[in-house]
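I opened a notebook on this chain today. Below is what I looked up, entry by entry.

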Amino acid sequence: MSLLQIDDDGFTLDGESFRLLSGGLHYFRVHPELWADRLRKARLMGLNTVETYAPWNLHQPRPDSFSLDGGLDLPRFLDLAAAEGLYVLLRPGPYICAEWEGGGLPSWLLAEPDIRLRSRDPRFLAAVDDYFDRLLTPLRPYLASRGGPVLAVQVENEYGAYGDDTGYLEYLATSLRRCGIDVPLFTCDQPAHLEHNALPDILATANFGSHSTQGLAALRARQPKGPLMCTEFWIGWFDRWGAHHVVRDPDHAARELDELLATGASVNFYMFHGGTNFGFTNGANDKHTYRPTVTSYDYDAPLDEAGDPTAKYAAFRDVIAKYAPVPEGPVPPPGPKLAPRTVPLTESAGLLAHASLLGNAVDARRPLTMEELEQDFGFVLYETDLPLKGPALLEVEQVRDRAQVFVDGQPIGVLERENHEHALAFTVPRAGSTLAVLVENQGRVNYGQGIHDRKGLLGTVLLNGAELAGWTSRPLPLVSLKDVPFAPVATFPVGPAFHRGTFEVTDPADTFLRLDGWTKGNAWVNGFALGRYWSRGPQRSLYVPAPVLRAGANEIVVLELHAAHRARTVQFSATADLGPTEE
């Protein structure tokens, strides 16, 4: 049993001085069959610990449903870490940020119209207590106090950047203790926000990516005694649609790491291995303009999105070796990659024409939000009849987040939250025409007050200044595509459509899906949701983990929201393309 102790001048483990050399590795962003590989490479780089968040919204997608299996089998992840000789820093939230959908907060909380997240709102705290009980009770055997790998547990996450209610933080700390968490607790925040995130007798840590001496000095000013630790040492960054791929020079990052370790402080790289926002799980930011995060969470980390060592891996290992023992041997080689190939997508099915097979419509006077429809991710299809013929002006109070508008199945325009668009002018061909609005949830905001981010068409919808009433709201979460009636087609379907093809694989290996010539949508391989693509970039390829493939026949499905590639082909490449690195 190894117990982490917090002393006036540092950490000790089993009575010996101890420095945390940790790296972020989120189990929910990595295919579970690849967890062991990533953990082994963490140890070989010289790390003694890994850090992970826990995403409440995936573990508890509905109030009465909880999962700890498959890709969410956190106990198995902890077992694998222990088997590799690694300790674990656990950050269970409830809020995690992480550029993750809604900061990890489940969307069903927002079904309460006036709920206050990350506060002492009794409804929020009751939900948190239930979540902690469900998550942490099975994890008690994994605490270091019981012989497990979990050395310490974080309280909330960067709360000082959001609020200053010490009572809220105290409640969470008490709730963790009530659930049997008897290892040290800690908080983290950026240096400027440490004042609002302090709790008596709980270790404060800081987050920064450079100027370590100044960051640690700010931490010491707030906390005169105790270990110094950077819980998020930002060695890269995330990307957003429409910008460039962010990278950080490995040598510069290594020098910053050297400066940090020279102080004697402990560190957690954010990230050691970023992984992927598979499916619809990416988050977004909204600092007066909504900016959704891309599918890849490569983060320019020591391990790239496919788990291959980058230049930072070797550079960081060399720096760590100055301060701690590092396993001998060469840098692990890149993993095998599938041979490049082009795959024709020979079958199609229109989304609008077959929407009834993918979700049940709900009648209401106004459009219902995703949260009212008990829907987490995906799309909502809204439909109503237009009472007039001729010129029309459609006005939507709030579009969350991207609305494609159709009249009698014909596309007439797009409204984007990112561009602050609310109105669309068009001509109605006949009274009684069907207005259809397909709204995509592009990712709930994960940072700041914008986390109260409900999705769909919000507020009143006007047609020529009068309320347009009498709607159907059809949730399209696209959890399964088994009911999509694919068929060979000679011409492209109008509007959003699914396209399917098959390809043969002899030996499954990692690969990267390219959709050059396609516009915007989502992709699945063998039913596994890879994520979103968008010609806007920067990301130009989607990572396909080897375990998703199988020897023999494989299936790919693409949902193209606009115009399909003229040849209706996709490519699998041996290399990733995350886009240009300068604007």
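**Entry: terms.** I call a residue buried when its relative accessible area is under 20%, and exposed when it is over 50%. The model I am reading is predicted.

**Entry: helix α1.** I started with α1, residues 35-45. Which of its residues are buried? I found Trp-35, Arg-38, Leu-39, Lys-41, Ala-42, Leu-44 and Met-45. Next I looked for what covers them. The cover includes the strands β4 (21-25), β5 (49-53), β11 (266-273) and β31 (541-544). It also includes the helices α3 (74-83) and α8 (311-320). Just after α1, I noted Gly-46, with a positive phi of about 110°.

**Entry: the whole chain.** I then stepped back. I listed eight helices and 33 strands. The C-alpha trace spans about 80 × 55 × 40 Å along its principal axes. I checked the radius of gyration, which is 25 Å; a compact globule of 583 residues would have one near 25 Å, so the two agree. Buried residues make up 60% of the 583. I also looked at contacts between residues at least 6 apart in sequence: 80% of them join residues at least 24 apart. The chain exposes about 21,300 Å², and carbon and sulfur atoms supply 51% of that area.

**Entry: Leu-90.** I found Leu-90 in strand β6, residues 87-91. Is it buried or exposed? Leu-90 has a relative accessible area of 2%, so it is buried. I listed its contacts, leaving out residues up to four places away in sequence; among them are Leu-74, Leu-136, Leu-139, Val-150 and Ala-152. Leu-90 and Glu-51 are 39 residues apart in sequence, yet their C-alpha atoms are 6.0 Å apart.

**Entry: Leu-386.** I turned to a loop. Leu-386 lies between β17 (379-385) and β18 (390-400). Its relative accessible area is 1%, so Leu-386 is buried. I noted its neighbours, again leaving out residues up to four places away; they include Val-407, Phe-426, Val-428, Leu-463 and Leu-468. How far is Leu-386 from Ile-320 in space? They are 66 residues apart in sequence, and 66 Å apart from C-alpha to C-alpha.

**Entry: strand pairing.** I followed β27, residues 497-505. It runs antiparallel to β15 (residues 347-350), and four bridges join them. There I picked out Ser-348, whose bridge partner in β27 is His-499. β27 also pairs with β32 (residues 552-560), in the antiparallel sense, over nine bridges. On that side I saw Phe-498 opposite Leu-559.

**Entry: cis peptide bonds.** I looked at the bond from Arg-400 to Asp-401; it is cis, with omega near 20°. Asp-401 lies in the loop between β18 and β19 (402-407). I noted another cis bond between Gly-537 and Pro-538, with omega about 10°. Pro-538 sits in the loop between β30 (528-534) and β31.

**Entry: positive phi without glycine.** I looked up Asp-201, which has a positive phi of about 65°. Its loop runs between β8 (185-189) and β9 (203-208). At 84% relative accessibility, Asp-201 counts as exposed. Then I turned to Arg-568, with a positive phi of about 50°. Arg-568 is in the loop between β32 and β33 (569-573). Its relative accessibility is 9%, so Arg-568 counts as buried.

How values were computed. Residues numbered from 1 in each chain as written. Predicted model: local features only at pLDDT ≥ 70, side-chain atom pairs only at ≥ 80, totals over all residues. Heavy atoms only, no water. Helix = DSSP H or I, 4+ residues; strand = E, 2+ residues; numbered from the N terminus. Rg over C-alpha atoms; globule rule 2.2 N^0.38 Å. Buried < 20%, exposed > 50% of the residue type's maximum accessible area, 1.4 Å probe, protein only. Contact = heavy atoms within 4.5 Å. Areas by Shrake-Rupley, 256 points an atom, 1.4 Å probe, with all protein chains shown as cover. Pairing = 2+ DSSP bridges.
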